[in-house]
Structure formats: structure tokens, C-alpha cells
Amino acid sequence: MSVIDEPVLDEQRVGIPTTKRADWQSDQEVRWCPGCGDYSILAAMQLALPDMGIRREDTVVISGIGCAARFPYYMDTYGIHSIHGRAPALATGLALARPELSVFVVGGDGDLLSIGGNHLLHALRRNVNLTILLFNNRIYGLTKGQYSPTSEVGKTTKSTPFGSVDAPLNPLAVALGAGATFVARTHDMDRVGMQEIFRRAHAHQGAAFVEILQNCNVFNDGAFTDVTGKSVRSEMLIPLVDGQPARFGEDGHAGVHIDLDGARVVEVDEVGAGSLYVHEERRVSPTAAMALALMAPEPTEPTPMGIFRDVTAPVHRAAEVTGPGSRDDLTAMLASGTTWTVD
């Protein structure tokens, strides 16, 4: 059984050993396609973990099925390679049973938004203490190039030979609609930015959701090049900085204005700096964050990057039950041997 508790900060941990990236790397050969964006994401996570103040033996990475799901093999932590779409469900159970652990969920856009969409929604709405990383490459890579829930309308693939007729899901809008208390977006070409967002997501008490724009150079190469390409980033990426106007472009000539019609790009000289939206991560209402998430329905327009929302809300935790059926009772039974008797 479970209850809803007010979020509390973890007690300050003492005696955490100093680690470096190599300490978080497993002895397994990393086997993604050469040039895959997953390599950069893995490196960013391994570089960020030493700054999170956690132990490897207290860290668990849970994945489903897909290219991203190989992640646990490459981490020198505990890991679970589960079944398609079910990682949020397994992670929920583990986070409730062992709240002292740092639990990471890793999955692709197909894994977490298609068969796993239901489990993702409920993990977010319950505000379970998880860090969820969604690798979005707008394609099914492991099964060799079928369209996914985030593929654009008209996408021609092996499963949509005449072009997809389905409107794509917006991962951030899904997360915000489910009530996620931490929502962020980054991309695989920004290793430093990824590290900061991973650290912030882990520090958040509750369900943290991070979308990572990730290139599949074999089956959907260049899906985000129009916004993440080195030559266009300054004009196409909108950095979200808490307490600062949303401004971007060479010399900050462009910005974001939000009104009842949503968020749109404006020229600062035309509207004035006072008309620009000033970002607030901890704004209780998700309205502004949703407006930002709905910008750039296709990755060919200026796209917000950073932390969209970081608010405090009750965290879903396990109830403290004593006696038969309690957590201690169950733990003792599981640790008692290979067989046991149930009265």
C-alpha cells in the first residue's frame, strides 16, 4: 500500500566516496551504431554522476526495450533490463520499496510513449521519486526504422510506406499534462548542458522528466539538425534561464512573448525588451511551461531548451506499516533462504 507524503529532503549523506567517470563505467563493450547520439548521452550521465553525491551500490538504472535500453549494461550500478514499456512500472515499485535508492528510468520515444505511455503517465501523475530520461530520435531504431509516436506526419518508413497520417506526440506536453513536477529538454550535442540537467533532475524530489533530442544516424539521420546543428544553434535554440527573459540569436535580437494565443518568437527591436517572457522554473501553474513546450511543433523552428518546470509537490511514498505484511517482514522473508513457508 502507499500514501502521499509531503516531500522531504534526503538527509545529508556522509562518507560518500569520491568517484570519477571511470568508476561508473562497466566492463561491457558499448555497442551502439558508430555515431549514435546515445554515446554522448551515456558519457554525460557518467560525467554527471560523481557530482550527485550518491553511491554506485545505491543507484539503479531501469530500461525497457530499444537501443536506449542497453544503458544499464554500460553503467557500473545495479540495473534492470525490463520488458517493452514497463520500465516506469518496475521503477515505481522499486522506488516505493527502497526509497533510499536513486532510481533512473531510461527509454526511447517508442518505448516510453507507445506501449509504455500508460505507465509513464501514472508515474508522473503520482509524482514517484524517479528520474526519467526519454531519448527522442523520432524513429524505432532497434527494429530498423519504423515510425514512432513522435515521428512527423508524412514520415515514410517501413511501417508507413505511404507516409504516416498520425499527429506526433509532444513528449514535454505529455509530461506537463500528466502533472510532472520537473520537466526539461536537452540534446545530445550539448554534453555540458546534459550534465547540468541530469544533476538537477536527480536532485528534484518527485518525478523528473527529461526529453533528450537524440540522433539516429542510421534510420533517421539529421532529425534535429535544423535546430541542433553547430552552425544554426544560436538562432534556433532558445535557452531557458530561471529569472531571465527568454532571449536568443546573435546579439539577442530575438525573444519569446507569451499571451493568450500561446508562445511565439518576436524581434526585440519591434516589441521592446519589456514584452519578453521572463522564465520562472518554479511557477506553480504549468501554463507558461506548456506554452513553451508547444513551440516548434516540428524541429525546424526556434526550440526552447532547458528546465521548463521545477516545482514542489507531495511525493508518492510507501506507507510505514508494521507487523505481518510490513516492508521489514517482507525483507526478512526474502532474505531467509531459497524456500519459505506461508501460513
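In helix 1, the residues D38, S40, I41, L42, A43, A44, M45, Q46 and A48 are buried, where buried means under 20% relative accessible area, exposed over 50% and partly exposed in between, with a 1.4 Å probe and protein chains only. Because nine of the 11 residues of helix 1 (residues 38-48) are buried, the helix is largely enclosed by the rest of the structure. Its buried residues pack against strand 4 (102-108), strand 5 (131-136), helix 6 (191-203) and strand 7 (208-213), contact meaning heavy atoms within 4.5 Å. Helices (H or I, at least four residues) and strands (E, at least two) are DSSP runs numbered from the N terminus.

The model is predicted, so that local features need pLDDT of at least 70 and side-chain atom pairs count only at pLDDT 80 or more, while totals for chains, interfaces and linings use all residues. Residues are numbered from 1 along each chain as its sequence is written, and side-chain values use heavy atoms, with hydrogens and water left out.

Helix 2 (residues 87-97) contains A91, which counts as buried because its relative accessibility is 0%. Not counting residues up to four places away in sequence, A91 touches I62, V103, V105 and L130. The C-alpha atoms of A91 and C36, which are 55 residues apart along the chain, are separated by 26 Å.

Two strands pair if DSSP finds at least two bridges between them, and two bridges join strand 9 to the antiparallel strand 10 (residues 254-259). F248 has A254 of strand 10 as its bridge partner.
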